[in-house]
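Keep the viewer open as you read.

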Amino acid sequence: MEVVYRIVRRIPKGRATSYGAIAEASGIRLTARMVGWAMNAAGRAKPPVPAHRVVNSKGELSGRAFFATPTLMQELLEQEGVRVKNDRIEDFEKVFWDPAGKQSKTAVKPATGKAASKAKAPKANAGKTAAAKQAATRVGIAKPKAALKANAAKTAAAKPAATNAGTAKAKALKPTAGKKRPSKSAAPSAKPAKVTQRAKPGPAKQKPAPSPPTKKPR
């Protein structure tokens with residue numbers, strides 16, 4: 001089975017092949033079932049054999065039951081960038097690696113090293129951009145609120161001042177009690193002049209004539 005292990009060790013990370021393809025590429029009379037038996041015993045082989053990269057012709061993880069846990073095969077594939085759904089490799093035609101050398105032209109290798117870091121950078125930048133937008137939105141909302149509060153405070157302060165000014169004007173215009181303000185339209189009435197009449201000279205009074213002296217009897 002060393003021939004099978006040598007082929008399996010050549011499968012690149014992020015790729016997978018089938019039992020039948022390995023059997024055909026071995027150059028000896030092997031069947032897909034025989035390759036599957038070899039994969040079941042690959043845990044004891046040295047150097048290690050990446051048996052998780054070998055699936056059936058439909059891309060199904062048919063050998064998952066022979067791993068330490070039922071999900072270990074899927075986990076190992078996903079760590080290498082292979083997407084698995086319902087125990088089956090998605091886009092298996094693109095992920096498929098042909099051990100005979102006829103690799104698929106549409107196969108896409110997972111990004112590694114610098115390429116992987118560049119791919120992650122846009123996500124990080126998108127997160128920063130979203131956070132910056134949220135902060136800008138909060139600042140934009142806070143500014144109108146602060147302006148409204150300031151205007152409300154100015155309006156509240158201006159109302160008492162205007163009220164006091166109006167009260168002062170009203171007091172200045174209010175006439176003093178007991179005094180009547182002369183009307184601008186009515187002219188002051190002229191006091192009638194006093195007419196003094198001189199007494200007319202009357203006839204001169206005549207003095208009475210002296211009476212003759214009377215003789216007293218003896």
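How many nonpolar, polar and charged residues are in the lining of the largest pocket? The model is predicted. In it, the lining comprises 13 nonpolar residues, 5 polar ones and 1 charged one. That makes 19 lining residues for the largest pocket. Its space is about 240 Å³. Two elements each give two or more residues to this lining: α3 (32-40) and α4 (72-79). The most comes from α3, with 3 residues. To find the centre of the pocket, select Met39, Gly43, Ala51, Phe66 and Phe67, the lining residues that lie nearest to it.

Now turn to the backbone. Most peptide bonds are trans, and most residues other than glycine have a negative phi. Where does this model depart from that pattern?

Start with the bond between lysine 46 and proline 47. This peptide bond is cis, with omega at about -5°. Proline 47 sits in the loop that runs between α3 and β2 (54-55).

Next, look at the loop between α4 and α5 (92-95), where aspartate 87 is found. Aspartate 87 is not a glycine, yet its phi is positive, at about 60°. Its relative accessible area is 29%, so aspartate 87 is partly exposed.

Aspartate 91 also lies in the loop between α4 and α5. Its phi is positive too, near 55°, and aspartate 91 is likewise a residue other than glycine. Is aspartate 91 buried, exposed or partly exposed? Buried requires under 20% relative accessible area, and exposed requires over 50%. Aspartate 91 has 41% relative accessibility, so it counts as partly exposed.

Technical notes
Residues are numbered from 1 along each chain as its sequence is written. This is a predicted model: local features need pLDDT of at least 70, side-chain atom pairs count only at pLDDT 80 or more; totals for chains, interfaces and linings use all residues. Side-chain values use heavy atoms; hydrogens and water are left out. On a 1 Å grid over the protein atoms alone, a cavity is a set of points where a 1.4 Å probe fits but cannot get out, and a pocket is an open set with protein on both sides within 12 Å along at least five of seven lines; lining residues have an atom within 4 Å of a point. Grid points are joined across faces, edges and corners, and a volume is the space filled by probe spheres set on the points. Helices (H or I, at least four residues) and strands (E, at least two) are DSSP runs, numbered from the N terminus. Ala, Val, Leu, Ile, Met, Phe, Trp, Tyr, Cys and Pro count as nonpolar, Asp, Glu, Lys and Arg as charged, and the others, Gly among them, as polar. Buried means under 20% relative accessible area, exposed over 50%, partly exposed in between (1.4 Å probe, protein chains only).
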